[in-house]
Amino acid sequence: MSTTTDPQGGTFRLSMLMNDSRYRSLTLQAIAAILLAISIGYIISNLLANLAEQDLNISFGFLATPAGYDINQTLIEYTSQSSNTRAAFVGIINTLLVAILACITATVLGVIAGVLRLSNNWLVRKLMSFYVEIFRNIPVLIWIIIIFTIVTAVMPSAKSYLGEDPERGMLGGIIAFTNRGVYVPAPFFTNGFGGEEGSIANWLLVIVVLFGSLFATRAMTARANKIQEDTGIRPGTLWTNLAIWLVPVAVVLFILGLSWDFPDPLANRFNLRGGLQIGAPLIALWLALSVYTGAFIAENVRAGIQAVSKGQTEAASALGLRPRRTMSLVILPQALRVIIPPLISQYLNITKNSSLAIAVGYADITATLGGITLNQTGRAIECVLLLMLFYLTISLLISAVMNVYNSSMKLKER
Amino acid sequence: MNKSVIFGALTIAGLAAGAAAAGTLDDVKARGKLNCGVTTGLAGFAAPDATGEWKGIDAAFCRAVAAAVLGDATAVEFVPTTGKTRFTALASGEIDVLARNTTWTLSRDVDLKFDFLGVNYYDGQGFMVPKALGVSSAKDLDGATVCVQTGTTTELNLADFFRANNISYEPVPIETNAEGAQQYLAGACDSYTTDASGLASTRATFENPGDHTLLPEIISKEPLGPLVRHGDNEWGDVVRWTLNALISAEELGVTSANVGEMSTGSTNPEIKRLLGTEGTLGEMLGLDADWAKRAIATQGNYGEIFARNIGEDTPVGLARGLNAQWTDGGLLYSPPFR
């Protein structure tokens, strides 16, 4: 074993920056940082010089001007006279919508497929490996296009649902599957706050009530646990919890006057009117991102489960736990420690891959701000900068939230 | 010593870059090839035929410029561009001229820093619907789903038209004309909207063109023409006057068949100036005297190009309409060759 001994004490000389191992790494880092700053500065000044040469400038004034184009799926009020900023917000909300939906379904699919891949049943095991290998080895763009083509080619046309005496009846009289999307009844409130802000407020109220119920049920469970520990008898919580979940929400919905807007086959000669339309592009994108990323998550889950030592399973069955409870109470909680870090990257992938929406005409942020606005205003650099900023912010936020969850799940060393 | 060499090299490189940015004409001559931006495929305007050769009025215009500048109508590199990529391709210098049925608008001319050099097709935006739909006017399209190419003026006109008539619609944004036709035929949209010429051209490629009809409304003015980067006036002049030469040739009765005999035998001084047997017009443009003669000899005059690619005897089947010479009641009017 060799160690370098540096001269102790003495005065500082300039040459020590390079020759003294105490300072050398700092010197090198400083040099690297300066070089990096210089090259970034050079790239930016080069860009500005080239723009100036072509008489172009960087300006964000276009964000306030009317967008001029229409968008087919908007969750907030939008017309062609709204500003480009508003169009960008429509895109942001659509991106978040598809990302959240896909994250949820991909996780569910992935966990089920990952667990079943380790099943003792040969057929189930092979089916799941088939799913994983097929879906993760074909690019997601192709899956998006395949699913979109299937939706538009296989589903019946919107017209077959229209008129007094339609060719097709709606499922249960309320749901229509067409090649332009699925129409379902839309809930709305007759006594709630009016206007766009009002309707958001109505739904926020419902969500707040649901959160209240969540905390109340957790308190109930904690109380039951305490009683069980003190007395050995667990009081029944099923009915009280059910009541806590259902009664307040039902009361709030009743006060707000919940009613349903059904798709109307008579209002228009081209399309169903009313109800909630889940467009074919959204369906294609959502399904494709879910099954594709689900395949990756399945592998993460399998790796996580296999990382838990077999002794844990054997110990659990020795205690008399059934396989299902062994999985949910013993194996999965330990496996989560291995699963979560790669799961974060899969969520980030879903968010970033949602920008492929443009292939099927889904109005996400890449299609509105980075597509139509960019084209119609010609402000490419500004739009792309804003896009980068958006994706960076969202990805960092997801990472931050998932890292908090990860540190709450990881092995606590006391 | 070393430093001065480096600075010298930098200066020369800088000068070379500056020169390259300034003279597209010299660039094209030095390269021996014209980079011409066209559509990804619109029959009659610019589309590769069965042998892979680009055909159409935009393609013919590219070849005419190549013939005028380089003396070789085949020295063209066709660069397919979409509605979204075309302006970036031109601004970045990837192409020398964009001839891609692009609408001349103020903001593109001024804000995007391009120069439009004239109009090679006067168009207007129309709607195509299946006959089975039983729609006779665009104003009946309330609530319809409409396919529209994204990043085009069409998209904005569509929004304006429906807003002005206070009716609603749902846009389906598509990237290319081929995708639009596919979506329209699959029933993903009730109507397809783009320039009326584009609709006629697209319909001609359908299996049953008779099942589809163009609605009578033309909702916009769409003057389509070639454009180049702003600020390179020498190059802009060459492209502008090549277009004018093709239009003037038709007006003066010069065709690809008689151009040789006209250049020597004609007594009309304007024809002589156009074909370079009199005056120094070619020299003023930085070209040789035969520039326009070559363009006309290889591609024909405007009327020949029109008839060959989109005229009434072709599958696209467009009438001259606004695109007739001013002497025939149309809008084509070339400034004089003097």
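Student: Before we start, how are residues and chains labelled here, and which pLDDT limits apply?

Tutor: Residues count from 1 along each chain as its sequence is written, while chains are lettered from A and ligands numbered from 1 in the order in which they are written. The model is predicted, and local features need pLDDT of at least 70, side-chain atom pairs count only at pLDDT 80 or more, and totals for chains, interfaces and linings use all residues.

Student: What is the strand order of the open sheet in chain B?

Tutor: In general, strands of a sheet pair through backbone hydrogen bonds, either parallel or antiparallel. Two strands pair here if DSSP finds at least two bridges between them; strands (E, at least two residues) and helices (H or I, at least four) are DSSP runs numbered from the N terminus. In chain B, 5 strands make an open sheet with mixed pairing, ordered 10-9-11-8-12. Strand 10 (169–174) and strand 12 (212–214) of chain B are its edges, each pairing on one side only.

Student: How do strand 9 and strand 11 of chain B pair?

Tutor: Strand 9 (residues 144–149) and strand 11 (residues 191–195) of chain B are parallel, over 3 bridges. There, B:Val148 sits opposite B:Thr193 of strand 11. Helix 7 (residues 177–186) of chain B packs on this sheet and touches strand 9, strand 10 and strand 11 of chain B, with its direction at about 165° to that of strand 9. Contact means C-beta atoms, placed from the backbone, within 7 Å. Angles run from 0 to 180 degrees between N-to-C directions, using axes fitted to C-alpha atoms, for helices over the stretch in contact.

Student: What is the pairing in the open sheet of chain A?

Tutor: Antiparallel, with 3 strands in the order 1-2-5. Strand 1 (176–178) and strand 5 (276–279) of chain A each have a single partner strand, so one side of each lacks a neighbour in the sheet. The twist averages 15° from one strand to the next. Strand 1 and strand 2 (residues 181–184) of chain A share 3 bridges, and A:Phe177 has A:Val182 in strand 2 as its bridge partner. Helix 8 (residues 280–307) of chain A lies across strand 2 and strand 5, at about 55° to strand 5.

Student: Where do the domains of chain B run?

Tutor: Bounds come from an automatic or database domain assignment, which for chain B gives domain 1 (24–122 + 223–328) and domain 2 (125–220). Their centres, taken over C-alpha atoms, are 29 Å apart. Across the boundary, 18 residues of domain 1 of chain B contact 16 residues of domain 2 of chain B.

Conventions
Contact = placed C-beta atoms within 7 Å.
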